[in-house]
Amino acid sequence: MDILLYGDETIELPELQIPHPRMLRRHFVLAPLAEIAPAVKHPAWTANVAECFAASGDASQVRRLAEFQEKFPG
């Protein structure tokens with residue numbers, strides 16, 4: 001299990017790093033996070049989640065499941 005964020009905490013242990021060290025490079029993490037919390041900004045970052053998502057170099061596609069879209073449109 002990956003823990004992405006824990007408030008404003010920064011934790012650097014061999015077995016645990018928060019914020020997750022590669023989360024800002026992964027669309028599958030940033031896309032849903034930008035949708036639910038676009039203004040979130042960790043003190044270690046220079047930008048908020050929405051800005052990081054827009055600037056990400058990850059070209060992978062992230063899609064909602066059709067079933068989820070029917071239940072939660074928009």
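## Close-up views of a predicted model

**View 1. Val 49 and the residues around it.** Val 49 touches Leu 30, Leu 33, Ala 34, Ala 37, Pro 38 and Val 40, leaving out residues up to four places away in sequence. This model is predicted. Val 49 also belongs to the largest nonpolar core, shown next.

**View 2. The largest nonpolar core.** This core has 10 residues in all. They are Met 23, Val 29, Leu 30, Leu 33, Ala 34, Ala 37, Trp 45, Ala 47, Val 49 and Cys 52. Two elements, helix 1 and helix 2, each give two or more residues to the core. The largest share, 4 residues, comes from helix 1. Nonpolar side chains tend to be buried together in soluble globular proteins.

**View 3. Asn 48, in the loop between helix 1 and helix 2.** Helix 1 spans 27–36, helix 2 spans 49–55, and Asn 48 lies in the loop between them. Is Asn 48 buried or exposed? Its relative accessible area is 17%. Asn 48 is therefore buried, as that value is under the 20% cut-off. Its side chain reaches the backbone nitrogen of Glu 51 at 2.9 Å. A polar atom of the Asn 48 side chain also lies 3.1 Å from the backbone nitrogen of Ala 50. Setting aside neighbours within four places in sequence, Asn 48 is in contact with Pro 38, Ala 39, Val 40 and Lys 41.

**View 4. His 27, a residue of helix 1.** His 27 is found in helix 1. Its relative accessibility is 12%, so His 27 counts as buried. Which residues is His 27 in contact with, leaving aside neighbours within four places in sequence? They are Pro 32, Phe 53, Ser 56, Asp 58, Ser 60 and Val 62.

**View 5. Arg 63, in the loop between helix 2 and helix 3.** Arg 63 lies in this loop, and helix 3 spans 66–71. Its relative accessible area is 75%. Arg 63 is exposed because that value is over the 50% cut-off. Pro 43 is 20 residues from Arg 63 in sequence. In space, the two are 29 Å apart, C-alpha to C-alpha.

View 6. Met 1, Ile 3 and Tyr 6 make a nonpolar surface patch of about 420 Å². Where does Tyr 6 lie? Tyr 6 is in the segment before strand 1, which spans 11–13. With a relative accessible area of 56%, Tyr 6 is exposed.

Definitions and conventions. Residues are numbered from 1 along each chain as its sequence is written. This is a predicted model: local features need pLDDT of at least 70, side-chain atom pairs count only at pLDDT 80 or more; totals for chains, interfaces and linings use all residues. Side-chain values use heavy atoms; hydrogens and water are left out. Buried means under 20% relative accessible area, exposed over 50%, partly exposed in between (1.4 Å probe, protein chains only). A polar contact is a pair of N or O atoms within 3.5 Å; within protein, one must be able to donate a hydrogen and the other to accept it, and residues adjacent in sequence count only if both atoms are side-chain atoms. Contact means heavy atoms within 4.5 Å. A nonpolar core is a set of buried Ala, Val, Leu, Ile, Met, Phe, Trp, Tyr and Cys residues joined through side-chain atoms within 4.5 Å. Patches are made of residues with over 30% relative accessible area and no salt bridge: like charges are joined within 9 Å, nonpolar side chains (Val, Leu, Ile, Met, Phe, Trp, Tyr) within 5 Å. Accessible areas come from the Shrake-Rupley method with a 1.4 Å probe; for residues, only the protein chains shown count as cover. A salt bridge is a side-chain nitrogen of Lys or Arg within 4 Å of a carboxyl oxygen of Asp or Glu.
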